[in-house]
Amino acid sequence: MPLGPDTPLSSKLAVLIGRKRRADGKTLSVRDIAAATAEAPGGKPAMTHQVVNDLLNGVKANPTISQLAGLARALASPVAYLLPGYNGLTSLSVYEDCPEAREALRLIHDLGDAGAAELLEAAREIRLRHGLSDLAVPEVPEPLPPVPEPPRPGRRRRLSFTEAAERAVSDLEGT
C-alpha cells in the first residue's frame, strides 16, 4: 500500500499496527500500545490509551515529540516515519538500524547526483548477485496477514422463547 506525501498520522499508525502482534498473536489493543509507550518496561506511559485512540481515529493529529517517540517505541518504528512527509518506512528502518547505510550516505554527501546514481547502480548489482529484484522492495512493507482470533468468551446471545424452552427441557431431562 503506497502512501502519498500527505499521508495522515492515523493511516501510518494503522500500517504499523497491522505489522505488529502481541505475544499470543492477536492484534494490539489501544491499551497495549499506550502501555508500550513507556521508556522502561512497567514505567509511566508517554500517553494514555485515550490519546492513542484519538490519534488512531484522526481526532488528534499533532502529538508531542515525547508522544511520537513513545509510539515509535511501542510500534517498533523509526520516529521519522511518524512525521509528515516521511513515508519510506523501509528506507527509514534501514537508516535507523544499519550504521553502514548511514556511513554510505555520509560518504556520498558531497558527490551530488552522480555519486547517488553510482551508489544506486552498485546496490542494484548487489541485489541481482543475491538473486533479488530491485522492483521487489516496497516503500512500506506489506502488513502481516491477519491472524484469525478465536471467539472471545462473553455473554451468550439471547435465546428465542422456543430455544429457551428447548434448553429448559434438555436441562431437566439431563441430556
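Buried means under 20% relative accessible area, exposed means over 50%, and partly exposed lies in between, using a 1.4 Å probe and protein chains only. This is a predicted model, in which local features need pLDDT of at least 70 and side-chain atom pairs count only at pLDDT 80 or more, while totals for chains, interfaces and linings use all residues. Residues are numbered from 1 along each chain as its sequence is written, and side-chain values use heavy atoms, with hydrogens and water left out.

**Exercise 1. Describe helix H4 and what covers its buried residues**.

Step 1. Find the helix. Helices are DSSP runs of H or I with at least four residues, strands are runs of E with at least two, and both are numbered from the N terminus. H4 spans residues 65–75.

Step 2. List the buried residues. In H4 these are Gln 67, Leu 68, Gly 70, Leu 71, Ala 72, Ala 74 and Leu 75.

Step 3. Name the cover. Contact means heavy atoms within 4.5 Å. The cover of the buried H4 residues includes H1, helix H2 (30–36) and helix H3 (49–56).

Step 4. Take one residue as an example. Ala 74 belongs to helix H4 and is buried, at a relative accessible area of 5%. Leaving out residues up to four places away in sequence, Ala 74 touches Lys 20, Ile 33, Ala 36 and Thr 37. The C-alpha atoms of Ala 74 and Ile 17 are 9.6 Å apart in space, although the two residues are 57 residues apart in sequence.

Step 5. Look past the end of the helix. Just after H4, Ala 76 has a positive phi of about 50°.

**Exercise 2. Find the salt bridges of the whole structure**.

Step 1. State the rule. A salt bridge is a side-chain nitrogen of Lys or Arg within 4 Å of a carboxyl oxygen of Asp or Glu. The search gives three of them.

Step 2. Start with Arg 22. Its side chain meets that of Asp 24 at 2.9 Å, N to O, and that of Asp 32 at 3.3 Å, N to O.

Step 3. Check accessibility. Arg 22 is partly exposed at 30%, as are Asp 24 at 48% and Asp 32 at 27%.

Step 4. Glu 103 pairs with Arg 106, and their closest N and O atoms are 2.5 Å apart. Both residues lie in helix H6 (residues 99–107), three residues apart, which is about one turn of the helix. Glu 103 is partly exposed at 35%, whereas Arg 106 counts as exposed at 51%.

Step 5. Join bridges that share partners. Arg 22, Asp 24 and Asp 32 form one network.
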